[in-house]
Amino acid sequence: MRKETLEQLALFGSPPSFAEEIPVGQVNLPPWDEFKAAFNGIFARGHYTNHGPLVAELEEAVKNALGVRHAICVTNGTIALAIAARALRLGGQVIVPAFTFPGTVQALSWAGLEPVFADVDAHTHGLTAASVAPHIGPQTSAVLGVHLWGTACDPSGLAALCDAHGLQLFYDAAHAFGCSHAGQFIGGLGRIEAFSFHATKIISGAEGGCLTTNDDEIAARARTIRNFHQAHSFADVGLRINGKMSEAQAAMALLSLRHFDAHRDHNRRIFMRYRERAAAWRGVRLYDYPNGEAHNYQYAVLEVDSAAGLSRDDLLDLLRAENVLARRYFHPGVHHLSPYAEQARPPLLPVTDALCRSSLQIPLGPRVDEGIAEVICGLIDLALAHADEIGRRLQARREGVPG
């Protein structure tokens, strides 16, 4: 039901728009018969881990889908980044955005590296050569860019900058499976790229990750590092880790890959509905994607500015009361999280801090159909039309004033 008055809002005592919670994650589950057949095969073979046939099949499928020489599947995306850093033989400092999931940065710390935070572009939300350049110093060994929301992170600018300073360039591509840059699928940019196959990603292994590269030597090091067993050695490396992907994860990811086109097309339909409605929203911008490029439409992200008349957090509270589980992505920035917040002089990242105050992810994926999207858009319409009154009531509630 479309709500048309403030009294109909759950925030002010009425029933929520949705009886069940509407999450922001993808949660793409395969058909039960396909899932059952895949796992019956695992049980019949009795090969559950240690580089089984499904992992090999998935690596080949990813390699072909993305047009890269090597795909190395691992336990999860965070382990993938840590292995990538070790495979690149990095030391010292790595420049990285703070406007990202904490795992991006923590992977560097686990690899024994010092993260150095750079600000991001206000429009793309990613690092640029201009934002990175001031942070390059004598201890800098690499730049780790993030293809946030699946948009390529300034590949040409960062590549030129890193080449000029003798730095390694690699990428967190957790959001970017099936997305392209200059007509080329993300996966072969930089020296190596890390993907996530977490349950909320468009390719889901329930858990899982993958490294892609066109460099034979880096691929050999990554394959060796992910395995404790000396028998599985392709290059001379120091430390190893148990980063293997299981057959169960590979089975799930293969099924997800089989249905990728359908999931992407569904995402696109819902995103286009949001785009159409967002054109009329005062003070609320829907993050859009580059024209002419492939995209997975995995995320619908809003930026709420002062022209909206209410804050991002007020809109968040309103939506969550209606069982629309919108999320602050990302809040706070990683530079404000432990252990990085304890640095002697926290970095000044004005764009990052502004985005952390303004960004809001709204639901997309298989749990959202066009009718649900329309209800969500209607709630945002109502919030913006009565922004002043909603803000006044919420402020009074915070101050304990009745009414």
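Q: Which residues of H8 are buried?
A: This is a predicted model. In H8 the buried residues are Glu247, Gln249, Ala250, Ala251, Met252, Ala253, Leu254, Leu255, Ser256 and Leu257.

Q: How many of the twelve is that, and what follows for the helix?
A: Ten of the twelve residues of H8 are buried, so the helix is largely enclosed by the rest of the structure.

Q: What covers them?
A: The cover over the buried residues of H8 includes helix H1 (32-45), helix H2 (53-66) and helix H9 (260-278).

Q: And the length of H8, what should it span and what does it span?
A: H8 runs over residues 247-258, and at 1.5 Å a residue its twelve residues should span 16 Å. The end C-alpha atoms are 16 Å apart, which agrees.

Q: H9 came up. Where is His263, and is it buried or exposed?
A: His263 sits in helix H9. It counts as buried because its relative accessible area is 16%, and the cut-off for buried is under 20%.

Q: What is it in contact with, sequence neighbours aside?
A: Leaving out neighbours within four places in sequence, His263 is in contact with Asn28, Ile202 and Ser256. Ser256 is also one of the buried residues of H8.

Q: Moving to the core. Which residues of the largest nonpolar core touch the most other members?
A: Leu58, Val143, Trp149, Phe177, Phe197, Tyr274 and Leu319 do, in a core of 101 residues. Helix H12 (residues 370-385) provides the largest share of this core, with ten residues.

Q: Pockets next. What volume does the largest one have, and what lies nearest its centre?
A: The volume of the largest pocket is about 510 Å³. Its lining has 29 residues, and Phe101, Ala174, Ser196, His198 and Lys201 lie nearest the centre.

Q: Which elements supply that lining, and how does it split by class?
A: Helix H3 (77-87), helix H4 (102-110) and strand E8 (193-196) each supply at least two residues. By class, there are eleven nonpolar, 14 polar and four charged residues.

Q: How about the second largest pocket, what volume and what lining?
A: About 230 Å³ of space lies in it. The lining consists of Thr78, Ile79, Ala82, Ile83, Arg86, Trp110, Ala111, Ile225, Leu239, Arg240 and Ile241.

Q: Which element gives the most there, and what are the classes?
A: H3 gives the most, with five residues. The lining divides into eight nonpolar, one polar and two charged residues.

Q: Now the backbone. Where are the cis peptide bonds you have?
A: A cis bond joins Tyr329 and Phe330, with omega about -10°. The bond from His331 to Pro332 is also cis, with omega near -10°. Most peptide bonds are trans.

Q: Where do Phe330 and Pro332 lie?
A: Phe330 is in the loop between helix H10 (312-321) and helix H11 (350-358). Pro332 is likewise in the loop between H10 and H11.

Q: Which residues other than glycine have a positive phi?
A: Asn50, with phi about 60°, and Ala206, with phi near 70°, are two of them. Asn50 is in the loop between H1 and H2, and Ala206 is in the loop between E8 and strand E9 (209-213).

Q: How accessible are those two?
A: Asn50 is partly exposed, at 37% relative accessibility. Ala206 is partly exposed at 37% relative accessibility.

Q: Last one: Gln361. Where is it, and is it buried or exposed?
A: Gln361 lies in strand E12 (residues 359-362) and is buried, at 2% relative accessible area. Apart from neighbours within four places in sequence, Gln361 is in contact with Val24, Tyr299, Ala300, Val301, Ala326, Arg327 and Tyr329. Tyr329 is also a partner in the cis bond to Phe330.

Note on methods: Residues are numbered from 1 along each chain as its sequence is written. This is a predicted model: local features need pLDDT of at least 70, side-chain atom pairs count only at pLDDT 80 or more; totals for chains, interfaces and linings use all residues. Side-chain values use heavy atoms; hydrogens and water are left out. A nonpolar core is a set of buried Ala, Val, Leu, Ile, Met, Phe, Trp, Tyr and Cys residues joined through side-chain atoms within 4.5 Å. Buried means under 20% relative accessible area, exposed over 50%, partly exposed in between (1.4 Å probe, protein chains only). Helices (H or I, at least four residues) and strands (E, at least two) are DSSP runs, numbered from the N terminus. Contact means heavy atoms within 4.5 Å. On a 1 Å grid over the protein atoms alone, a cavity is a set of points where a 1.4 Å probe fits but cannot get out, and a pocket is an open set with protein on both sides within 12 Å along at least five of seven lines; lining residues have an atom within 4 Å of a point. Grid points are joined across faces, edges and corners, and a volume is the space filled by probe spheres set on the points. Ala, Val, Leu, Ile, Met, Phe, Trp, Tyr, Cys and Pro count as nonpolar, Asp, Glu, Lys and Arg as charged, and the others, Gly among them, as polar. The expected span of a helix is 1.5 Å times one less than its number of residues.
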